[in-house]
Amino acid sequence: VALGAQFGDPEAAPVVPAAVVMELTHLATLYHDDVMDEAAVRRGAPSANSRWTNSVAILVGDYLFARAADVAADLGTEAVRLQARTFSQLVHGQIAETVGPRSGEDPVAHYLQVIAGKTGSLIATSARFGGLFGGASPEYVEALAGYGETIGVAFQLSDDLLDIASESVQSGKTPGTDLREGVPTLPVLYARSGDDSDAASVRLREILSAGAVTDDDLHAEALGLLRESPALKRARETVRSYAEDARSKLAPLPDNPARRALESLCDFVADRTS
């Protein structure tokens, strides 16, 4: 929101309340996500649900959504409409993830749609809010929203790579958590659907076909195979493709420090290790 406002008047009175709306919405989704995922930790600290129970975490998440709507109401009907639509997209993405792909649906396409709903929509509206409430031109606002959705997807996909490729000392996360819990991230989906006939790829498909990899020895083997697999390389290329697509959407914006900051985020997402 703050960077988007730099393409208008960053000192405009509605900018900070607009940022508050988005951060409250964001935080509420984290509370609810941790309940659904039964997560014990959030960014290295005990999650709200593990400290105060699922019921309290859900209620606090609901409260934060309500407070976000309250702040948005002071910004006008357009802010309320955009926040509500974003909330709808977030929930729709979560439902799609929970239900899974329909029969005959491409699991990778489904997964990308889930991420666009769960993460892309939030970042898109954040960037849009910055431009909109900073008084930027409609052309700039649309460019920011397009950038936000695309970089949001890229960022979430880069998380998939971190779960496999990074060491915990780098990322603060335990490698292979999604693999152990049976979460079908992009490298896993690529590995499952791949047709590589080398022994390592065949063995990897065999391990992944069973779903969650909870056995410690199998988990270590699968993680090692994934790190050297064509699937991980393909996933990296996909992240870079989204990051470059996001960069291209900045073309209508003037060359200023804010645009350069947004461009640097594309580089960070493509190469991040934490």
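Helices here are DSSP runs of H or I with at least four residues, numbered from the N terminus. The model is a predicted one, and its protein chain holds 14 helices and two strands. The radius of gyration of the protein chain is 20 Å, close to the 19 Å that the globule rule gives for 274 residues, so the chain is as compact as a globular protein of that length. Along the principal axes, the C-alpha trace spans about 60 × 45 × 40 Å.

Of the 274 residues in the protein chain, 43% are buried. Taking contacts between residues at least 6 apart in sequence, 69% join residues that are at least 24 apart.

Helix pairs come next. Helix H2 covers residues 15–37 and helix H4 covers residues 54–75; their axes come within 8 Å and cross at roughly 160 degrees. Angles over 145 degrees count as roughly antiparallel, and H2 and H4 are therefore roughly antiparallel to each other. Their crossing is left-handed. The residues of the contact of H2 with H4 comprise 17 nonpolar, five polar and two charged.

A second pair is formed by helix H7 (residues 138–165) and helix H14 (residues 257–271), whose axes come within 10 Å and cross at roughly 20 degrees. Angles under 35 degrees count as roughly parallel, and H7 and H14 are therefore roughly parallel to each other. H7 passes H14 in a left-handed crossing. On the H7 side of this contact are Leu144, Tyr147, Ile151, Ala154, Phe155 and Ser158, which meet Leu262, Leu265, Cys266, Phe268 and Val269 of H14. By class, the residues of the contact of H7 with H14 are ten nonpolar, one polar and no charged.

Gln83 lies in helix H5, which runs over residues 77–99. Is Gln83 buried or exposed? Residues under 20% relative accessible area count as buried; Gln83 has a relative accessible area of 6% and is therefore buried. Which residues does Gln83 touch, not counting those up to four places away in sequence? They are Val21, Thr25, Phe65, Ala68, Ala69 and Phe129. Among these partners, Val21 and Thr25 fall within the residue range 15–37 of H2, and Phe65, Ala68 and Ala69 fall within the range 54–75 of H4. Gln83 of H5 thus touches residues from both helices of the roughly antiparallel pair.

Note on methods:
Residues numbered from 1 in each chain as written. Predicted model: local features only at pLDDT ≥ 70, side-chain atom pairs only at ≥ 80, totals over all residues. Heavy atoms only, no water. Axes fitted to C-alpha atoms, helices over the stretch in contact; angles between N-to-C directions. Parallel < 35°, antiparallel > 145°, perpendicular 65-115°, else oblique. Left-handed = near helix turned anticlockwise from the far one by under 90°. Nonpolar A, V, L, I, M, F, W, Y, C, P; charged D, E, K, R; others polar. Buried < 20%, exposed > 50% of the residue type's maximum accessible area, 1.4 Å probe, protein only. Contact = heavy atoms within 4.5 Å. Rg over C-alpha atoms; globule rule 2.2 N^0.38 Å.
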